[in-house]
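The following report goes from the overall form of a protein model to a few of its local features. Please keep the sequence and the coordinates at hand while reading.

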Amino acid sequence: MSIRENKDILIGKIKYTNVWPVFHYFEASQLPQRASLVTEVPSRLNRRMLEHTLDLSPVSSFSYGSGSEELLLLPDLSVSTDGPVHSILVFSRKPLKEVRNGKFALTNTSDTSVNLLKIIMERAYEGKPTYWDSEPVLEKMMEDSDAALLIGDHAIQASWKDHGYIVTDLGEVWREWTGYGMTFAVWAVQRSLAEQYPEFVSSACEAFQTSKAKSLSNLKPLVDEAMTQIGGTASYWNHYFNNLRYDFPDRRQAGLALYFAYARELGLLDHEVRMNIWNDNKLMRVKE
């Protein structure tokens, strides 16, 4: 990627509540180079990072795996859980094991969750479902399907409704099956930008960490905003944000490495993923 002269560096922001703590106090205007935010659903940010039309962004873990040769991970940043995630949900009329060869409607807004579902259905449950892509509208998805996958705020809002479906949390299934938590998103930067503007990347990392720490020390502003924008109760949102993990220590790296290994086995990825973490312009490779 060629660095654009006299134009803003573009930073992606996921249009879901799960990244709010990392972005709530993040000010692009305070960074040492001109930068602006691009707010989109994960699938569009993923595509732009892989097409090199976005410089730095949270990305679905799967998309980082797809573009890992040209992307670097930012340290100690992720959207992860150690069990249930509450926003990566499968809605079905029967338990998933009973429809493991059925028809699944997939959200068209993310890659990591879609491929996590495929790994669980085809490895953990030894099934062979058929899949089709849909807009994230549960009623439409279930018209001609045995199950439907929703993520993010669409999943949260659907989980509040009394629709009669069985709701399965993929974060919980992954934990029970593998013993690991699941990392759904990571923060990545174009390798070429990190090499040319290390001071900018360092400042961005510091700003994200500062926002994360400040947000998690007092969740009330985020909880109030979530209730205003999406609905729900203070109790729900406090539990939701407290349940998510925004760090990326060794145990999360190991869980994500296992996810990449399963994706490679199923042919979802065509190469082995090497996770390289940026640190003041020095690379740290995640332990195998």
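## Overall form

What radius of gyration does the protein have, and what value would a compact globule with 288 residues have? The model, which is a predicted one, has a radius of gyration of 19 Å, and this agrees with the value near 19 Å for a compact globule with 288 residues. Taken along the principal axes, the C-alpha atoms fill a box of roughly 55 × 45 × 30 Å. The protein contains 12 helices and 12 strands.

Of the 288 residues, 53% are buried. When contacts between residues at least 6 apart in sequence are considered, 81% of them join residues at least 24 apart.

## Surface and charge

The accessible surface of the protein comes to about 12800 Å², and carbon and sulfur atoms account for 45% of that area. As for charge, there are 31 positive and 37 negative side chains, and the centres of these two sets lie 1 Å apart.

Helix α6, which spans residues 152-159, has as its buried residues Gly-152, Asp-153, Ala-155, Ile-156 and Ala-158.

## Salt bridges

The structure holds 11 salt bridges. One of them pairs Arg-34 with Asp-8, with the closest N and O atoms 2.8 Å apart. Because Arg-34 lies in the loop between α1 (20-23) and β2 (35-40), while Asp-8 belongs to the segment before β1 (9-14), the pair ties together parts that are 26 residues apart in sequence. Arg-34 counts as exposed, at 59% relative accessibility, whereas Asp-8 is partly exposed, with a relative accessible area of 22%.

Salt bridges that share partners join Asp-82, Arg-245, Asp-247 and Arg-252 into one network. Within this group, Asp-82 is also bridged to Arg-245, the closest N and O atoms being 3.5 Å apart. Since Arg-245 is placed in the loop between α11 and α12 (250-265) and Asp-82 in the loop between β4 and β5, that pair ties together parts that are 163 residues apart in sequence.

## Pro-84 and a contact across the sequence

The loop between β4 and β5 also holds Pro-84, a residue that is partly exposed, with a relative accessible area of 28%. Pro-84 and Glu-172 are 88 residues apart in sequence, yet their C-alpha atoms are 4.2 Å apart in space. If its neighbours within four places in sequence are left aside, Pro-84 is in contact with Asp-169, Gly-171, Glu-172 and Asn-243.

## Residues with positive phi

Most residues other than glycine have a negative phi. Against that background, two residues deserve a note. His-52, which is not a glycine, has a positive phi near 65 degrees; this residue is found in the loop between α2 (42-50) and β3 (56-60), and His-52 is partly exposed, with a relative accessible area of 25%.

Asp-76 likewise has a positive phi, of about 60 degrees, although Asp-76 is not a glycine. Asp-76 is found in strand β4, which covers residues 71-81, and at 35% relative accessibility Asp-76 counts as partly exposed.

Terms used:
Residues are numbered from 1 along each chain as its sequence is written. This is a predicted model: local features need pLDDT of at least 70, side-chain atom pairs count only at pLDDT 80 or more; totals for chains, interfaces and linings use all residues. Side-chain values use heavy atoms; hydrogens and water are left out. Helices (H or I, at least four residues) and strands (E, at least two) are DSSP runs, numbered from the N terminus. Buried means under 20% relative accessible area, exposed over 50%, partly exposed in between (1.4 Å probe, protein chains only). The radius of gyration is taken over C-alpha atoms; the globule rule is 2.2 Å times the number of residues to the power 0.38. Contact means heavy atoms within 4.5 Å. Accessible areas come from the Shrake-Rupley method with a 1.4 Å probe; for residues, only the protein chains shown count as cover. Lys and Arg count as positive and Asp and Glu as negative; His and the chain ends are not counted. The place of a charge is taken as NZ of Lys, CZ of Arg, CG of Asp or CD of Glu. A salt bridge is a side-chain nitrogen of Lys or Arg within 4 Å of a carboxyl oxygen of Asp or Glu.
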